Amino acid sequence: MLVLGIESSCDETGVALYDSERGLVAHQLHTQMAMHAEYGGVVPELASRDHIRRLVPLTEGCLCEAGADYGDIDAVAFTQGPGLGGALLAGSSFANALAFALGKPVIPVHHLEGHLLSPLLADDKPAFPFVALLVSGGHTQIMAVRGIGDYTLLGESVDDAAGEAFDKTAKLLGLPYPGGAQLSELARSGRPDAFSFPRPMLHSHDLQMSFSGLKTAVLTAVEKVHAETGGIIPGQTRNDICRAFQDAVVDVLTAKCRKALLDTGFRTLVVAGGVGANWKLRDTFSRLTVTVPSEKGRAKAQPEAVKVYFPPLAYCTDNGAMIAFAGAMRLHEQREAGGFNVKPRWPLSEIVK
Ligand code: KG4
Ligand code: ZN
């Protein structure tokens, strides 16, 4: 079965071909980052128009890469939501029109399910069940994943998503949109303990998170530096702020994931979404252990290793491969297919098992 995957929920047009026997056979991406950078954020109308321009050439590029023809496609999967309404409609219209012309099924895919399953695209795949940390520009959620379509939300950010906090903080520091990745690179040269930012909700005894206060703490620090320097942030100071900010986000995500692993009893953690590309998060999680609290009078429990999986870097941020793959899983499981409509707001908990 050859499944064409179409991703157009935000500012990346992703197209890919997934073969249920051979795996991923083609993958093409166009990022609109440079186009939106001029405006300091995504301009939805421009995003929709650009998706329309890119979908046909990217699809033909994929067919060429895979040495396949339109007639070889067995199903067309597309991101139905959540995302920008117009951008989603561009992908949905294209997917439905193509599937209709080919007489093949169309499979609507939930964008976050795509992210969630993307680590399964790697050679070394996680086995179910696992805890999944979804950290993107729009979502920060911790889920219990027991199988395809079997997702339980354990906790999430009550305000900004972690990626959003990265981007907003980067903007505060004068970095171009979307500054998350650049902030993370500058953090490499930041000195430890030059700044210290709060770890919001670290001790909330649940799996809820909050990142908007952290951004405000950075704003206060930036204003203080501005007052001292007459409006400029020296390079080293900026890097120090980047480091302290990143350390705070990673600390919160680590503590919450550790708690989710203890609560569920699972010892596998899967990280997906754009912030999953973050080097500090990868570094910290690669050494992650959990220790079950020992009962009174019992010997101290030993730390237990956790197996942590990240999607290959290319599939961390938005891409068509994860949509083609999730579509193939849904087709394989003979799930209900079809649907032209898009769902800009669509909680993952609403998708059918
Ligand atoms: O999953 P994604 O491509 O799109 C959404 O569905 O949101 O995630 C994009 C987010 C952006 O906020 C971006 O700044 C962030 O992921 N991001 C990073 C890094 N690379 C991308 N954040 C921190 N460190 C990175 N290396
Ligand atoms: Zn995404």
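Which residues does Asn278 touch, not counting residues up to four places away in sequence? In this predicted model, the residues touched by Asn278 are Phe166, Ser184, Gln246 and Val250. Two of these contacts are polar and run between side chains: the side chain of Asn278 meets that of Ser184 at 3.3 Å, and a polar contact of 2.9 Å joins the side chain of Asn278 to that of Gln246. Asn278 itself is placed in the loop between strand 9 (268–272) and helix 9 (279–285). Its relative accessibility is 7%, which is under the 20% limit, so Asn278 counts as buried.

Asn278 also belongs to the surroundings of ligand 1. This ligand is surrounded by 19 residues, of which the closest are Gly137, Asp167, Gly274, Asn278 and Asp318. Oxygen atoms of ligand 1 have polar atoms of the protein beside them. For His111, a polar side-chain atom lies 3.3 Å from an oxygen atom of the ligand, and for His115 a polar side-chain atom lies 3.2 Å from an oxygen atom of the ligand. Gly138 contributes a backbone N or O atom, placed 3.4 Å from an oxygen atom of ligand 1. On its own, ligand 1 has 560 Å² of accessible area, and the protein covers 85% of this area.

A further histidine, His139, is located in the loop between strand 6 (130–135) and strand 7 (140–147). With a relative accessibility of 24%, His139 is partly exposed, because this value falls between the limits of 20% and 50%. Leaving aside neighbours within four places in sequence, His139 is in contact with Pro82, Leu112, Leu134 and Ala161. His139 and Glu156 are 17 residues apart along the chain, and their C-alpha atoms are separated by 7.8 Å.

Aromatic pairs were searched for across the whole structure, and 5 were found. Phe195 and Phe197 form a stacked pair, because their ring centres are 6.2 Å apart, within 6.5 Å, and their planes are at 25°, under 30 degrees. The two residues of this pair fall into separate accessibility classes: Phe195 is partly exposed at a relative accessible area of 23%, whereas Phe197 is buried at 5%.

Phe195 is in turn touched by Thr237, which also touches Val225, not counting residues up to four places away in sequence. Thr237 is found in helix 8 (residues 235–264). Its relative accessible area of 16% is under 20%, and Thr237 is therefore buried. Between Thr237 and Gly190 there are 7.7 Å in space, C-alpha to C-alpha, at a distance of 47 residues in sequence.

An aromatic ring also takes part in an arrangement with a charged residue. The charged end of Lys343 sits over the ring of Trp346, at 4.4 Å from the ring centre.

Note on methods. Residues are numbered from 1 along each chain as its sequence is written. Chains are lettered from A and ligands numbered from 1 in the order in which they are written. This is a predicted model: local features need pLDDT of at least 70, side-chain atom pairs count only at pLDDT 80 or more; totals for chains, interfaces and linings use all residues. Side-chain values use heavy atoms; hydrogens and water are left out. Rings of Phe, Tyr and Trp (its six-membered ring) pair if their centres lie within 6.5 Å; planes under 30 degrees apart count as stacked, over 60 as edge-to-face and the rest as tilted. Buried means under 20% relative accessible area, exposed over 50%, partly exposed in between (1.4 Å probe, protein chains only). A charge sits over a ring if NZ of Lys or CZ of Arg is within 6 Å of the ring centre and within 35 degrees of the ring normal. A residue is near a molecule or strand if one of its heavy atoms lies within 4 Å of it. A polar contact is a pair of N or O atoms within 3.5 Å; within protein, one must be able to donate a hydrogen and the other to accept it, and residues adjacent in sequence count only if both atoms are side-chain atoms. Accessible areas come from the Shrake-Rupley method with a 1.4 Å probe; for residues, only the protein chains shown count as cover. Helices (H or I, at least four residues) and strands (E, at least two) are DSSP runs, numbered from the N terminus. Contact means heavy atoms within 4.5 Å.
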